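Subject: Handover of a structure and the findings on it

Dear colleague,

Please find the structure below, followed by an account of what was found in it. I would be grateful if you would read the two side by side.

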Amino acid sequence: MKLITAIVQDKDTTKLSNAFVKANVRATRLTTSGGFLRSGNTTFLIAIEDERVQAVLDLIQSVSQKRKQYMVPPVSLDAGGAHVGAYPVEVEVGGATVYTQSIESFHQF
């Protein structure tokens, strides 16, 4: 058995949850936040048989899309104390961060 921890952007959460149900993949869904944009994320915890791991990873990859987004970097002060203006910059967001770990034992009561 493996434990898959998948962190996806909130925009992909519903679509991925529906894909898990359709593929008969049981997942625990946790609301999380973080990243340099401090945006909303969802973390899925999935205990799955070894032979199904790649299928789940493929499913996550197909649903969790990378996209471009504009953000304004935090305003900073230079050493002289003068205000440095912040301009929007385009960044790539989305996709998924996925960890896979071996499970020593698994119980479902």
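In helix α2, the residues V53, V56, L59, I60 and V63 are buried (buried means under 20% relative accessible area, exposed over 50% and partly exposed in between, with a 1.4 Å probe and protein chains only). Helices (H or I, at least four residues) and strands (E, at least two) are DSSP runs, numbered from the N terminus. Viewed down the axis of α2, the buried residues fall within an arc of 125°, so they line one face of the helix; the arc is that of the directions from the helix axis to the C-beta atoms. The face of α2 turned away from this buried side carries the exposed residues A55 and Q61.

Please note that this is a predicted model, in which local features need pLDDT of at least 70, side-chain atom pairs count only at pLDDT 80 or more, and totals for chains, interfaces and linings use all residues. Residues are numbered from 1 along each chain as its sequence is written, and side-chain values use heavy atoms, with hydrogens and water left out.

The overall picture

The protein chain contains two helices and eight strands. From the N terminus on, these elements follow the order β-α-β-β-α-β-β-β-β-β. Of the 109 residues in the protein chain, 26% are buried. The protein chain exposes about 7,600 Å², and carbon and sulfur atoms supply 52% of that area (accessible areas come from the Shrake-Rupley method with a 1.4 Å probe; for residues, only the protein chains shown count as cover). Among contacts between residues at least 6 apart in sequence, 69% join residues at least 24 apart, where contact means heavy atoms within 4.5 Å.

In α1, the buried residues are T13, L16, S17, A19 and F20. Seen down the axis of α1, they fall within an arc of 160°, so these residues line one face of the helix. On the other side of α1, T14, K15, N18, V21 and K22 are exposed. T13 is buried, with a relative accessible area of 4%. Leaving aside neighbours within four places in sequence, T13 is in contact with V8, R29, T42 and F44.

The core and the aromatic pair

The largest nonpolar core has 15 residues, and those with the most contacts inside it are F20, I46 and V56 (a nonpolar core is a set of buried Ala, Val, Leu, Ile, Met, Phe, Trp, Tyr and Cys residues joined through side-chain atoms within 4.5 Å). Two or more residues each are given to this core by β1 (2-9), α1, β3 and α2 (53-63). The largest share, five residues, comes from α2. Apart from residues up to four places away in sequence, F20 touches V25, A27, F44, I46, V56, L59 and I60.

A search of the whole structure finds one aromatic pair. The ring centres of F20 and F44 lie 5.3 Å apart and their planes stand at 80°, so the pair is edge-to-face. Rings of Phe, Tyr and Trp (its six-membered ring) pair if their centres lie within 6.5 Å; planes under 30 degrees apart count as stacked, over 60 as edge-to-face and the rest as tilted. This pair links distant parts of the chain, with F20 in helix α1 (residues 13-22) and F44 in strand β3 (residues 39-48), 24 residues apart. F20 is buried at a relative accessible area of 2%, and F44 is buried at 1%.

The loop after α1

Just after α1, N24 takes a positive phi of about 60°, although N24 is not a glycine. N24 lies in the loop between α1 and β2 (28-34) and is exposed, with a relative accessible area of 58%. A27 is also placed in the loop between α1 and β2, and counts as partly exposed at 33% relative accessibility. The C-alpha atoms of A27 and I46 are separated by 4.7 Å, while the two residues are 19 apart along the chain.

The salt bridge

The structure holds one salt bridge, defined as a side-chain nitrogen of Lys or Arg within 4 Å of a carboxyl oxygen of Asp or Glu. E49 forms the salt bridge with R52, the closest N and O atoms being 3.8 Å apart. E49 counts as partly exposed at 33% relative accessibility, and R52 counts as partly exposed at 27%.

With kind regards
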